[in-house]
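Please write a short report on the structure shown below. Keep it plain and brisk, for someone new to it.

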Amino acid sequence: MNELISARRSPRAFDGAATISDADLRILLEAARWAPSHGNTQPGRFLVGHRGSPTFDAIFETLTRGNKTWAFRASVLLVGCVVTTDERGDVPNVEFGLGLAMENIALQAVDLGLIAHMMGGFDKAAVASVFGLPDNARALVAMALGRQGALSDLPEDLQVREQRERTRLPLSETVFTGTWGQSQLG
């Protein structure tokens, strides 16, 4: 397996003094742009703000209380949105397209020595209202980007979570052949 994949994590301890250059942010968003999508529909759209900007602050205000305890230290906050229609009509599999784009950002972040943490804990209706999303656009996921910070900056419960061993289900529980539940890989 590629080291970028195995090295990817979702840490919450961000360095509150670190920044991400516009050049690196462009690289991250180019990675998203080149993600696969159904019929090359490219449904992903991104609201992006550097820490200290009005956009960062507006995204931050939509986060749940738990995410606010650590996300304020991120260098960049972004919200991944999808457009659900284009000139051909309904865009199929928009979640698939955005998911791949977000993973490309996360993997590109690893390559740049950055960390990324995706979040579902935010108010999607507030994002739509604050940022004036058109009727054919939906916010689906938020992401914090930055550099690794000190674990001691996190609340104690999150310090414990950050130190837990990273685990995944074995392939025998996720890859089947013949019938559901019959493992392909033993």
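## Ground rules

Helices (H or I, at least four residues) and strands (E, at least two) are DSSP runs, numbered from the N terminus. The model is predicted, so local features need pLDDT of at least 70 and side-chain atom pairs count only at pLDDT 80 or more, while totals for chains, interfaces and linings use all residues. Residues are numbered from 1 along each chain as its sequence is written, and side-chain values use heavy atoms, with hydrogens and water left out.

Val76 sits in strand 2. At 0% relative accessibility, Val76 is buried. Buried means under 20% relative accessible area, exposed means over 50%, and partly exposed lies in between (1.4 Å probe, protein chains only). Ile20 is 56 residues from Val76 in sequence, but their C-alpha atoms are 7.2 Å apart. The two are also in contact, which means heavy atoms within 4.5 Å. Other contacts of Val76, beyond four places in sequence, include Leu25, Val48, His50, Phe56 and Met143.

Leu98 belongs to helix 5. Leu98 is buried too, with a relative accessible area of 2%. Beyond four places in sequence, Leu98 touches Pro43, Gly44, Phe46, Gly80, Cys81, Val82, Leu140 and Val141. Pro170 is 72 residues from Leu98 along the chain, and their C-alpha atoms are separated by 26 Å.

## Two nonpolar cores

A nonpolar core is a set of buried Ala, Val, Leu, Ile, Met, Phe, Trp, Tyr and Cys residues joined through side-chain atoms within 4.5 Å. The largest core has 25 residues. Leu63, Trp70, Leu77 and Val79 have the most contacts inside it. Helix 3, helix 4, strand 2, strand 5 and strand 6 (137-146) each give two or more residues to this core. A second, separate core holds 21 residues, among them Ala32, Ala35, Val76 and Val82.

Trp70 touches Arg12, Phe14, His117, Met119, Ala144, Leu154 and Leu158, leaving out residues up to four places away in sequence. In helix 3 (residues 54-62), the buried residues are Phe56, Ala58, Ile59, Phe60 and Thr62. Their cover includes strand 1, helix 4 (65-71), strand 2 (76-83) and helix 6.

## Pockets

Where is empty space left? Rolling a probe the size of a water molecule over the atoms shows this. The search uses a 1 Å grid over the protein atoms alone: a cavity is a set of points where a 1.4 Å probe fits but cannot get out, and a pocket is an open set with protein on both sides within 12 Å along at least five of seven lines. Lining residues have an atom within 4 Å of a point. Grid points are joined across faces, edges and corners, and a volume is the space filled by probe spheres set on the points.

The largest pocket holds about 470 Å³ of space. It is lined by 19 residues, with Arg9, Ser10, Pro11, Glu162 and Arg166 nearest its centre. Helix 5 (94-111), strand 5 (115-119) and helix 7 (156-163) each supply at least two lining residues. Helix 5 gives the most, with three. By class, the lining has eight nonpolar, two polar and nine charged residues. Here Ala, Val, Leu, Ile, Met, Phe, Trp, Tyr, Cys and Pro count as nonpolar, Asp, Glu, Lys and Arg as charged, and the others, Gly among them, as polar.

The second largest pocket has a volume of about 220 Å³. Of its 14 lining residues, Leu29, Ala32, Arg33, Gly44 and Phe46 are closest to the centre. Helix 2 (22-33), strand 1 (44-50) and helix 5 each give two or more residues to this lining. Helix 2 gives the most, with five. Six of the lining residues are nonpolar, four polar and four charged.

## Loops and helix ends

Most residues other than glycine have a negative phi. Asn40 is not a glycine, yet has a positive phi of about 55°. Asn40 lies in the loop between helix 2 and strand 1, and is exposed at 53% relative accessibility. Gln42 lies in the loop between helix 2 and strand 1. Its phi is positive, near 45°, and Gln42 is partly exposed at 37%.

Asp123 caps the N-terminal end of helix 6 (residues 124-131), with a side-chain oxygen 3.1 Å from the backbone nitrogen of Ala125. Just after helix 6, Gly132 takes a positive phi of about 65°.

Conventions:
A polar contact is a pair of N or O atoms within 3.5 Å; within protein, one must be able to donate a hydrogen and the other to accept it, and residues adjacent in sequence count only if both atoms are side-chain atoms.
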